[in-house]
Amino acid sequence: MPGTVLAAEGRAHFGGTEEALFARFLKYADKVFDLGALCQSLRDSRPHPQIPTLSIWRAALLLFLTRRGSLNALESQVRVSRRLQEWLGPRWPSADHIGSVMGLILPARLRGLLRAILLCVRRNKVLPQNCPWSFAAIDGHELFCGRSRHCPQCSTRRVTVAGKEVTEYYHRVVACDLVGQELNLPLDAEPIEPHEGEVVAARRLLERVLKLYPRFFDAVVGDALYFEGPFFNLCLAHHKHVVAVLKDQQRSLFQDALGLFAGMAPQVWREGEKEIRCWDLEGFTSAETIRAPLRVLHTEERSLLPAPRPDGSQQVPEVHSWWWVTTIPKSLLPSPSLCRWAHRRWGIENSLFRSLATHWGLDHCYKHDPVAILNFVLTLFIAHVLLQCFYLRNLKPQLRRRLPTLIALADQMQATVALPESPPVRPDPAPT
């Protein structure tokens with residue numbers, strides 16, 4: 001069936017000048033991504049559902065599109081907004097029902113929905129076309145923790161509170177995210193099981209990402225945890241390069257590079273207000289478990305304009321030292337370019353985890369169920385991609401100046417759907 005469900009209902013229930021923003025978003029998502037048709041395939045394991053899965057997932061999507069913060073806040077808004085009740089269906093779901101049903105949807109269905117949206121983003125040439133390299137960052141993140149409520153899939157740790165040791169329960173995920181692009185595009189997420197290392201879950205995630213998005217990136221970048229043979233070899237087997245942080249815990253490779261760099265003159269260049277001194281060598285075979293020669297890059301970055309102290313004196317310029325190991329040869333990526341791309345690894349920390357946790361509810365536990373937790377994370381990823389595309393590719397610059405951030409857009413959409421029903425306009429009485 002043609003994907004006109006979302007747009008038609010949006011036009012029907014969200015009309016008016018001040019109220020058109022949410023309807024415009026629905027129309028855009030339906031026209032560009034065919035979201036209405038894609039959502040029709042969502043199913044859960046209930047044999048005879050009284051409220052369709054589509055209505056449940058729409059409510060979860062609306063939760064993130066409007067930054068409501070909790071399911072109870074969303075439910076209270078739906079109770080007073082006839083527009084939302086009509087858009088979600090004749091029987092709108094309660095907060096408890098949304099959480100329960102989100103634990104019954106297969107995550108593979110939401111991963112397929114996210115993949116369809118990202119493939120459309122790529123087909124529409126939103127990603128840079130003239131950039132010879134694209135990188136995907138991979139990293140772990142702790143979602144939430146507590147000391148009372150827990151489930152069989154909770155990880156545990158012992159912490160000291162008021163002089164007593166107590167058990168703390170928490171959930172973690174590892175995510176893969178395209179970095180260095182205009183849009184922040186998360187590709188997938190994978191739960192980290194109890195008593196499981198982050199890199200083990202990352203390998204499981206990467207195998208699926210390489211199958212679903214084989215041409216989205218050329219190299220994977222990670223922190224020092226990912227400098228290990230199985231992870232590097234997995235990427236190399238799929239013809240992907242790897243960049244990882246190198247620390248002195250990897251003694252043999254680190255000491256070999258340190259000794260060779262001691263007799264080298266550094267390469268020096270400037271970027272903005274920083275002076276960068278770089279040492280770069282390739283051909284290292286100290287890591288015997290990795291099936292490729294390695295390249296080690298070391299930089300010292302010094303600020304050229306140190307900030308003044310309150311008394312008017314100048315601070316001593318800070319020098320930051322960085323070490324990276326990679327499989328990318330110099331002939332493919334020179335030292336300045338590799339340095340810039342390696343620093344963009346922080347994009348997954350700042351633009352994805354920190355931003356979504358601070359402003360979009362990533363770290364909120366909507367339902368303490370392992371499947372529901374993952375499904376809410378994937379739904380947030382979908383909402384985040386759709387909002388970015390709508391903001392940057394559909395809204396005109398004049399409107400973006402009035403809504404300078406994605407948060408302002410979401411808050412305006414929340415105000416839009418929360419507006420009360422406008423009373424009918426009565427004609428003026430005829431003059432007597």
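**View 1. Cys-235 is buried, with a relative accessible area of 0%.** Welcome to a set of close-ups from a predicted model. For Cys-235, the closest cysteine sulfur belongs to Cys-176, and the two sulfur atoms are 9.4 Å apart. A disulfide here calls for sulfur atoms within 2.5 Å, so this distance is too far for a bond.

**View 2. Cys-120 is another buried cysteine, at 7% relative accessibility.** As a reminder before looking at this residue, a disulfide covalently links the sulfur atoms of two cysteines. How many disulfides does a search of the whole structure find? The search comes back with zero. Cys-120 accordingly takes part in no disulfide, and the nearest cysteine sulfur, in Cys-389, lies 8.2 Å away.

**View 3. Glu-168 sits in strand S3, which spans residues 164-179.** Is this glutamate buried or exposed? Glu-168 is buried, with a relative accessible area of 9%. That value falls under the 20% limit for buried residues, which is why Glu-168 is classed this way. Leaving aside residues up to four places away in sequence, Glu-168 touches Cys-145, Gly-146 and Arg-147, along with Ser-155, Thr-156, Arg-157 and Val-159.

**View 4. Strand S1, residues 135-146, pairs with S3 in the antiparallel sense.** Eleven bridges join these two strands. How much of S1 is covered? Mostly covered is the answer: of its twelve residues, nine are buried.

**View 5. S1 also pairs with strand S5, residues 219-222, this time in the parallel sense.** Three bridges make up the S1 and S5 pairing.

**View 6. Stepping back, the whole protein holds 16 helices and ten strands.** Of its 432 residues, 49% are buried. Which share of the contacts with a separation of 6 or more joins residues 24 or more positions apart? Such pairs account for 67% of those contacts. The protein exposes about 21,000 Å², and 52% of this area is supplied by carbon and sulfur atoms.

Terms used
Residues are numbered from 1 along each chain as its sequence is written. This is a predicted model: local features need pLDDT of at least 70, side-chain atom pairs count only at pLDDT 80 or more; totals for chains, interfaces and linings use all residues. Side-chain values use heavy atoms; hydrogens and water are left out. Helices (H or I, at least four residues) and strands (E, at least two) are DSSP runs, numbered from the N terminus. Buried means under 20% relative accessible area, exposed over 50%, partly exposed in between (1.4 Å probe, protein chains only). Contact means heavy atoms within 4.5 Å. Accessible areas come from the Shrake-Rupley method with a 1.4 Å probe; for residues, only the protein chains shown count as cover. Two strands pair if DSSP finds at least two bridges between them.
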